[in-house]
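Please look at the sequence and the structure before reading on.

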Amino acid sequence: FTISLHKVDNTTVMIKLRPGVPPSCRIRIKNVFKSDLKIKPGENATFAFTCSTPEKYFIMEIQKNIDCVSGPCPFGDVHLYPPGLPRLNRTYIWDVKASTKAGLELKFSTPWLRQIEPGQTCPDSISYNISSCIDEATVSIGTFCRNGSVSRVKLLGGVVMSLHLPWHSLLTTSGFNIANRASIKRLCIIESTLKGESSITLMSPNYPLGFPEDELMTWQFVIPSNMRASVFFHNYSLSNCERKEERVEYYIPGSPSNPEVFKLSDSQPANIAGSFNMSLQGCDQDAQNPGILRLLFQVVVQPPQVDENVTHLVDLSKEKNMTVTIHLEGWPSQVPPMSEPICLICKDPRTCDRVLTLASGAVYRISFLCKDLSRLRITAEKGIGCMDIRWCQRKIYSLSVPKVITRLPIRLHKFIWKLLATDLINVEIMSPSLKLQQHVPEQRCNTSYSYSIFSATPETELNVGVFCPGGSIEKIQMRNNITISLKTFGKGFINESIPQDLKMSFVPHIKDECTFTVSPNPKAKVYLQTPNWPYSLPPYVSISWFIVVPSKQTARLGFSKDRMGVACETGRAYLNIKEETLGAEETVRREDELLPQPRNMHHSFWVNISNCKPVDRTQLTLQFWVTFADKQIDLGIILAVVAGAGVLTAIGLTVCCVKKKKKKTQNPMVGVYNANVNTQMPGKKGLFGKGRQNNESHVYAVIDDAVVYGHLLKESNGSVAPEVDVYRPFDGPMGSLPPSPPPFSFRKDIKRSSNTEEEPPPLTDTDQDTYTFAHQQSGQSKDNGDANEKDKGDTSVPLLENKEQDGLVE
């Protein structure tokens, strides 16, 4: 290769090794081998490379110095000089000296330039870098690729322009020219020409480093008059100002208040018709802590929308603690590329953005600059709090989406209720008419919306589950702060035939972290599972389900697996099942035991699951199901009832026969004792100092002597049927004193039935000690410490002893 440089061109060529590449290839000049070569203005050089692929090892810099201060400035196209250079990665540098009183204008040929962030690369590896030189300071205006909208750049003072070309590039022109000199009295002016629907991104000088202190720069946007432009700030930071204020100024033709001044934190103008200018003004910074002023922004150009003058009323004046955000689908995790035309939401003709948040307590009239409203979504959030249970315990709050949201021509994505309460106040969620269905693999929700319920206490975060309307869960009680998210699926939510029926109230403290009340449809099979599914129930958390069983139904309870599946590091995990009836037994299983087999439950019952602290990688996840069937009448019970009725009939006939027979017989009465009831005579304290101590008499019944000799009657082929007269023991409420002995009328009936027995004298006030009928064995006198005289007749004749009387039984 031979390179000849004219001295008048003031151009220098440098060939040097690429950084980090071993010197496996050399430059040979005659018989001299070098690793670099420098050719100065006016010099000639003939050289060769010692390898066949020098582009892998060498790079080239061609620098041309242009003096526009002491001599005439070479206006016009800037050429790539010198020709015939080796095919290496090369950088052309034009260093133009100019006075600060006469700035320079660089004009770019089509397809113009597109600014990129530092560190990014251009698709064709061809890039421009523009810097401004003021005195000894150098400010990087930016890095640009080809194919963009930047058509001109005016700079104050000198310019350093760099063009980077890859070794395989066939570009033969620089793509710009020096247009003229003109004083601009600001750091720079960047002209951006947009011909149609498009989006561009621009940055402040020295981005992401700081914009120079107390400087001013301007962007000029040339836009067709039939298009609309909107400005969006995506990334900015502010410096620490001692004097003045950092701001953005707009000059919009036809505006009544040019320039329009905005802070960087404000929503920037939108829906601008035609061309406009935008300027960035810095301030005097704090010398000790200057901070950084920088800005990255986007300009979107699109045609006017057919419905841009159509406004939609959003009245949030009666709402409290609610925000409504209108945004693009996928926001905030998925933001469409800034190069795409976007949907804009406007709260007035000039205040538009891709995301618009409306707060409660105000009325808004919004419009849309968007070709396809189906790309937009609504996310709303409402807070409900209770700090004192006395003020909010009886209130019932409706958790339904306000109609002001459902009337908008935009699909609701999510509505979030945040229920806040203190430690001693809990939340109860109800669905009185629709009830809730838990979304489980065996029973999936197929409605157009569902609820996700999340509970958070200072100790535990609990994902309660996903629920939809039309199930069996009447209410859910949870502790502390609850988040309920209504999420829609498809476009059917607005026209949903099933109305929303979710309500909530604040209730006093509950024992478990979560309690479900389930009232299933008698014909349905209900599946229920532990919260945090498919992950483990949190350590030491207790969950309860109360299953309501109709009176004429029998529930069958079963579990989807044999064991809980958890191994405990500390504590034990338990499953408890108990019916809601008096005396019901409780079924308890630990984590190391088999779960119960399917069983029938005849009454409403509880299912409680309590977790321990699990060993790593073991999880407590449990699912169970409930079905119902009509109660069946047992045939054995029917036969028993029929048999019992027959026995009662036989006893009745026997009593009638014995009564007729007794008129012909005279039998003494016999006293028999029962040890079941303690009966005491009401009235004064007894006269006898010593009462019953050793005998076992408690309750007596008066029985005809035919019963005593009943075995003899049986031997006579049942010709005599014994008569049985009954006095039942007291089974009502018991006071401090036991019930009274049988009344006089009862004893008179005894006399009339026995005929030969004399009526005993009535009791007097002094005859109030207790008494008992008992048998006495032959030849034996039983002393109980009483002063009464005992008869010494035949042993078959009943003796009367003064003892405590407990009651009468058959």
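What percentage of the 810 residues in the chain do buried residues make up? Buried residues account for 44% of the 810 residues, where buried means under 20% relative accessible area, exposed means over 50%, and partly exposed lies in between (1.4 Å probe, protein chains only).

The model is predicted: local features need pLDDT of at least 70, side-chain atom pairs count only at pLDDT 80 or more, and totals for chains, interfaces and linings use all residues. Residues are numbered from 1 along each chain as its sequence is written, and side-chain values use heavy atoms, with hydrogens and water left out.

**The chain as a whole**

The chain contains 6 helices and 59 strands; helices (H or I, at least four residues) and strands (E, at least two) are DSSP runs, numbered from the N terminus. Among contacts (heavy atoms within 4.5 Å) between residues at least 6 apart in sequence, 80% join residues at least 24 apart.

Strands of a sheet pair through backbone hydrogen bonds, either parallel or antiparallel. Here, an open sheet of 4 strands has the order S19-S28-S21-S25, and its pairing is antiparallel. Its edge strands, S19 (198-203) and S25 (272-273), each pair on one side only. Two strands are said to pair if DSSP finds at least two bridges between them. The table lists the pairings of strand S21 (residues 228-239).

| Strand paired with S21 | Bridges | Direction |
|---|---|---|
| S25 | 2 bridges | antiparallel |
| S28 (residues 291-302) | 10 bridges | antiparallel |

Individual residues show how these strands face one another. Ala-229 stands opposite Ile-272 in S25 and opposite Val-301 in S28. Arg-228 has Ala-273 as its bridge partner in S25.

**A lysine in strand S35**

Lys-382 lies in strand S35 (residues 376-386). Why does Lys-382 count as buried? Lys-382 counts as buried because its relative accessibility is 17%. Its side chain reaches the backbone oxygen of Lys-320 at 2.9 Å. Leaving aside residues up to four places away in sequence, Lys-382 touches Glu-319, Lys-320, Asn-321, Met-322, Phe-415, Ile-416, Trp-417 and Lys-418.

Key: A polar contact is a pair of N or O atoms within 3.5 Å; within protein, one must be able to donate a hydrogen and the other to accept it, and residues adjacent in sequence count only if both atoms are side-chain atoms.
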